[in-house]
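Q: Hi, I'm new to this one. Could you walk me through it, piece by piece?

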Amino acid sequence: MLATDNIHGETHRAQELLISEPRINDRIRVPEVRLVGPGGEQVGVVPLKDALRLAEDAELDLVEVAPNAKPPVCKLMDYGKYKYEAAVKARESRKKQVNAVLKEIRFRLKIDTHDYETKVGHARRFLTGGDKVKAMIQFRGREQQRPEMGVRLLERLAEELAEVSTIESRPRQDGRNMVMVLAPLRGKAEVRRGQNSGNRKGRERLDTTTAKPVSNSLADAMPAELKAQASAE
């Protein structure tokens, strides 16, 4: 029974793979196709057998790129190379994606001024770095009966951070806690781009201050001995 299930599973995965990939070469089952050359040039509508012959002569693949067209559109290409380049592009795109992290900061309802300002500073640093902030108030005992005080504290926090954030999730009570989520005005990828730009400008300023002055004339480039001889003459 298990062996049969495994066979069915492998067959299903193979069918999914065939569905997700375009039909190529002998898997194309239509009498004629609209053929596009390897450079994007329009060849026109040709019998399938002629398109396959052209692909074989050019040592390329015939790939069905628009199966729902009438007739289907096929292109001559190196399909193996195309798949490799597409995978590389997808991998590079994933590397460039920078996801925001949700940073959590906890408050007490009766927080003193110093602790509050410290936590505001932490939140500001997280937000300017492109991360989201989850501000949480933990109620104790009878404090749960005064949720409006928690709302006021979180709204005060949002006002103080308004220049670097926006409210993504307004204050809401969750059991003994009250939660609000702030999102940065600048995404993490944008912050990274700004940092890289600043680093490049800093290096450029360093290069200009340490570089030797450029000679304004050939005379400036002469050795000191030759300059002295020229002056004596």
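A: Happy to! This is a predicted model. Let's begin with β1 and strand β4 (residues 73–77), which pair in the parallel sense over three bridges.

Q: Which residue in β4 is the bridge partner of arginine 34?

A: That would be valine 73.

Q: And how many bridges join β1 to β2?

A: Five bridges join them, and these two strands run antiparallel. β1 covers residues 32–36 and β2 covers residues 42–47. Across that pairing, valine 33 stands opposite valine 46.

Q: What sits between β1 and β2?

A: Five residues, as the two strands form a hairpin. Glycine 40, in the turn, has a positive phi of about 90 degrees.

Q: OK, new topic. In what order do the strands of the four-stranded open sheet come?

A: The order is β5-β6-β8-β7, and the pairing is mixed. β5 and β7 (165–174) stand at the edges with a single partner strand each, so one side of each has no neighbour in the sheet. On average, neighbouring strands here are turned by 20 degrees against each other, direction ignored.

Q: How do β6 and β8 run, parallel or antiparallel?

A: Antiparallel, with six bridges joining them. Lysine 134 stands opposite valine 181 of β8.

Q: What about β7 and β8, how many bridges there?

A: Seven, and that pair runs antiparallel too. Aspartate 174 has asparagine 177 in β8 as its bridge partner. The hairpin of β7 and β8 has two residues between the strands, and glycine 175 takes a positive phi near 65 degrees there.

Q: Which strands does α5 lie across?

A: α5 lies across β5, β6, β7 and β8, running at about 15 degrees to β8. α4 packs on the sheet as well, touching β5, β6, β7 and β8. The direction of α4 makes about 170 degrees with that of β5.

Q: Let's go inside. How many residues are in the largest nonpolar core?

A: It has 21 residues, and those with the most contacts inside it are Phe107, Ile137, Leu157 and Leu161. At least two residues each come from β5 (102–108), α4 (113–128), β6 (132–138), α5 (147–160) and β8 (177–184). α4 gives the most, with five residues.

Q: How are the rings of phenylalanine 107 and tyrosine 116 placed?

A: Their centres are 6.2 Å apart and their planes are at 50 degrees, so the pair is tilted. Phenylalanine 107 and tyrosine 116 are both buried.

Q: What lies over the face of tyrosine 116?

A: Arginine 156 does, at 4.0 Å from the ring centre.

Q: How many aromatic pairs does the structure hold?

A: Two. Tyrosine 79 and tyrosine 82 form a stacked one, 6.1 Å centre to centre with 25 degrees between the planes. Both lie in helix α3 (residues 79–96), three residues apart, about one turn of the helix.

Q: Last one! Is tyrosine 79 buried or exposed?

A: Tyrosine 79 is buried, with a relative accessible area of 8%. Tyrosine 82 is partly exposed, with a relative accessible area of 47%.

Note on methods: Residues are numbered from 1 along each chain as its sequence is written. This is a predicted model: local features need pLDDT of at least 70, side-chain atom pairs count only at pLDDT 80 or more; totals for chains, interfaces and linings use all residues. Side-chain values use heavy atoms; hydrogens and water are left out. A nonpolar core is a set of buried Ala, Val, Leu, Ile, Met, Phe, Trp, Tyr and Cys residues joined through side-chain atoms within 4.5 Å. Buried means under 20% relative accessible area, exposed over 50%, partly exposed in between (1.4 Å probe, protein chains only). Two strands pair if DSSP finds at least two bridges between them. Axes are lines fitted to C-alpha atoms, for helices over the stretch in contact, and angles run from 0 to 180 degrees between N-to-C directions. Contact means heavy atoms within 4.5 Å. Rings of Phe, Tyr and Trp (its six-membered ring) pair if their centres lie within 6.5 Å; planes under 30 degrees apart count as stacked, over 60 as edge-to-face and the rest as tilted. A charge sits over a ring if NZ of Lys or CZ of Arg is within 6 Å of the ring centre and within 35 degrees of the ring normal.
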